[in-house]
Amino acid sequence: MIKTAISAVIDELRPDLVAFLQQLVRSPSLPGEEGGVQRLIAAKLEELGLEVDVFPVRFDHLRSHPAFNDDGFSADQRLDVVGRWKAVVKGEGKNVSGRLPAAHGSLILNGHVDVVSPGDLALWSTSPWSGEVRDGKLYGRGACDMKGGLTAGIFALQALRRLGFEPAFDILLESVIGEESGGAGSLATIVNGYRADACVVLEPTQLCICPLQSGALTFRLSVNGKATHAAVRQHGISAIDKFIWLYAAIQQLEVERHANFQNQFYDPALYAAPISIGVVRAGEWHSSVAEKAVAEGRMGVFPGESAADARRALEDALARAASQDAWLKDHPPLVEWFEGQFESGATDPAHPLIQQLAARHTEVLEVPPAVRGVPYGSDLRLFTNHAGIPTVLYGPGNVSLAHGADEYIALDEVVTAARVIAGFVAHWCG
């Protein structure tokens with residue numbers, strides 16, 4: 001009965017859902033520029049009758065928190081939005097006896113609106129802010145990561161509103177900033193006191209249930225050489241050559257670390273915690289031996305591994321490699337850790353949150369969901385590690401389409417996600 005009613009209402013809402021997602025994608029929300037899209041979301045939540053709190057993300061309020069990452073962007077226009085659907089009978093996340101039932105409670109639906117740069121516009125078949133719909137897919141930066149998931153969560157609540165659902169526990173819809181660069185937005189909701197008995201982060205998981213996430217630590221590697229004229233390069237020391245030596249050590253470290261990692265939710269486990277170099281800058285002049293090379297990348301953190309241990313692993317591997325090179329032995333490379341420092345995080349796959357969500361997924365799709373770990377950092381770890389809230393990643397979209405040209409999301413998958421989430425909210429909070 002619930003499944004059928006929800007499905008029918010969401011089918012009716014589909015044109016509005018698509019139009020709203022287009023509106024979000026057409027509102028560029030690069031870091032520091034999220035204010036416009038957040039105001040759209042706040043207006044939508046007010047339209048649904050939720051109590052809406054719009055507040056700035058103040059770094060001076062977060063700086064002392066152990067999970068804070070300063071991403072370097074101004075906080076002046078960076079707004080978080082939290083919509084609260086209050087319980088019919090307020091229970092502070094507990095039932096009237098003061099005990100939490102096994103599979104019921106208050107809930108956070110969380111998603112971020114910040115997006116990465118669209119990059120080279122020539123690689124896009126249309127504007128990255130077009131929101132164009134072709135062949136059942138909606139294109140644009142942020143469509144997949146993760147305005148599609150956020151839209152699914154919002155319209156799940158709209159469907160329940162239309163059906164007259166009355167929650168027994170509070171429901172919070174959180175639209176946050178800063179996830180891509182360290183998680184300041186979700187951290188601000190925690191610091192500001194927003195809590196629930198469970199949380200679903202609506203990241204693109206292709207509707208897989210993901211209760212485990214690896215971590216990712218941003219680092220900068222600086223390598224010094226000795227400049228000279230290229231015509232007598234044998235008298236200089238190329239920082240590029242020395243970087244290549246160290247890069248080989250980094251690649252070997254990745255292989256060695258994964259050889260000892262086993263986890264049933266990572267299949268294959270080969271890239272559970274990747275180490276990647278994303279930026280390399282070297283040299284000053286084409287006819288000079290490069291005096292300095294600077295590389296920036298990300299160090300993967302295995303589930304259950306501390307960020308400190310992962311940092312130590314990279315630093316030790318680079319130190320060993322440097323000790324085997326005559327130049328680097330006396331001119332050791334410098335490793336700096338900056339911006340996003342995402343810890344790993346996990347929720348017990350046997351937790352009622354996971355079981356309930358899996359049951360609702362199975363009802364809608366008529367097949368059980370895959371349960372997996374993800375190899376990337378997300379805001380999940382803030383809720384599990386720093387707020388004590390069981391949290392899962394679940395949403396529409398393929399993360400391999402994120403951060404690339406012609407990013408898109410399949411609209412059928414967004415609609416399916418909305419059906420599953422609405423059913424889950426009805427059972428968990430009802």
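Here are a few friendly notes on a strand, a helix and the cysteines of this structure.

1. Before you start: this is a predicted model, in which local features need pLDDT of at least 70 and side-chain atom pairs count only at pLDDT 80 or more, while totals for chains, interfaces and linings use all residues. Residues are numbered from 1 along each chain as its sequence is written, and side-chain values use heavy atoms, leaving out hydrogens and water.

2. Buried means under 20% relative accessible area, exposed over 50%, and partly exposed in between, with a 1.4 Å probe and protein chains only. Helices (H or I, at least four residues) and strands (E, at least two) are DSSP runs, numbered from the N terminus. Both faces of β6 are covered, with I171, L173 and S175 on one side and L172, E174 and V176 on the other.

3. Next, look at the partners of β6; two strands pair if DSSP finds at least two bridges between them. Strand β2 (residues 79–85) pairs with β6 in the antiparallel sense over 5 bridges, and R84 stands opposite L172. Strand β3 (residues 107–112) pairs with β6 in the parallel sense over 6 bridges, with L109 opposite L173.

4. Helix α11 (residues 411–429) is largely enclosed by the rest of the structure, because 16 of its 19 residues are buried.

5. Finally, the cysteines: a search of the whole structure finds 0 disulfides, a disulfide being a pair of cysteine sulfur atoms within 2.5 Å. The sulfur of C144 is too far for a bond, because the closest cysteine sulfur, in C208, is 13 Å away. C199 is in no disulfide either, and the nearest cysteine sulfur, that of C429, is 12 Å away.
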